[in-house]
Amino acid sequence: MKATEIISLVFSGGALLVSVVSLRFSRRANKAALLSRRLEAINRIREAFGDLALHDVVEAKTTAAIREAFQLSSLVFERSISDTLETLHGIAFRLEHKPSDRYTDRDESEKEHLRSELESVLGRMRSEAAIHG
């Protein structure tokens, strides 16, 4: 083998090694970003659930937290989670704009459904983040 061929092989091997290392760092960075967004969405659902459990009424910040979680979840969680959050946002939005003293039995039922589903989706989000995180 000529010296130029050996030098060429060494540089090619070095370039391959740099590419592999870069790919590993890139994957770690992507996982970290994904986990960060998932945690943010989970925290928004915790806030919404806490608001509802503490005040027993849907407030603007409750609806906003569900909306933010929905927007994040559509990027980082399974579609079923984001679909659930989209539905829950609709319920929260409707209840937020109705005075609690004017709630009907249906409204009270939807509020309980909202509370229950927030707790359920929070569990599903935690589970998926733990499995894939």
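The axes of helix α2 (residues 60–76) and helix α3 (residues 79–96) come within 9 Å of each other and cross at roughly 160°; here axes are lines fitted to C-alpha atoms, for helices over the stretch in contact, with angles running from 0 to 180 degrees between N-to-C directions. Helices are DSSP runs of H or I with at least four residues, numbered from the N terminus. The model is predicted, so local features need pLDDT of at least 70 and side-chain atom pairs count only at pLDDT 80 or more, while totals for chains, interfaces and linings use all residues. Residues are numbered from 1 along each chain as its sequence is written, and side-chain values use heavy atoms, with hydrogens and water left out.

The helices α2 and α3 are therefore roughly antiparallel to each other, a label given to angles over 145 degrees. In α2, the residues that meet α3 include Ile66, Phe70 and Ser73; on the α3 side, Leu85, His89 and Phe93 are among those that meet α2. Contact here means heavy atoms within 4.5 Å.

Turning to charged pairs, the structure holds 14 salt bridges, each defined as a side-chain nitrogen of Lys or Arg within 4 Å of a carboxyl oxygen of Asp or Glu. One of these joins Asp51 and Lys61, whose closest N and O atoms are 3.7 Å apart. This pair links distant parts of the chain, with Asp51 in helix α1 and Lys61 in helix α2, ten residues apart.

How values were computed:
Helices (H or I, at least four residues) and strands (E, at least two) are DSSP runs, numbered from the N terminus. Angles under 35 degrees count as roughly parallel, over 145 as roughly antiparallel, 65 to 115 as roughly perpendicular and the rest as oblique.
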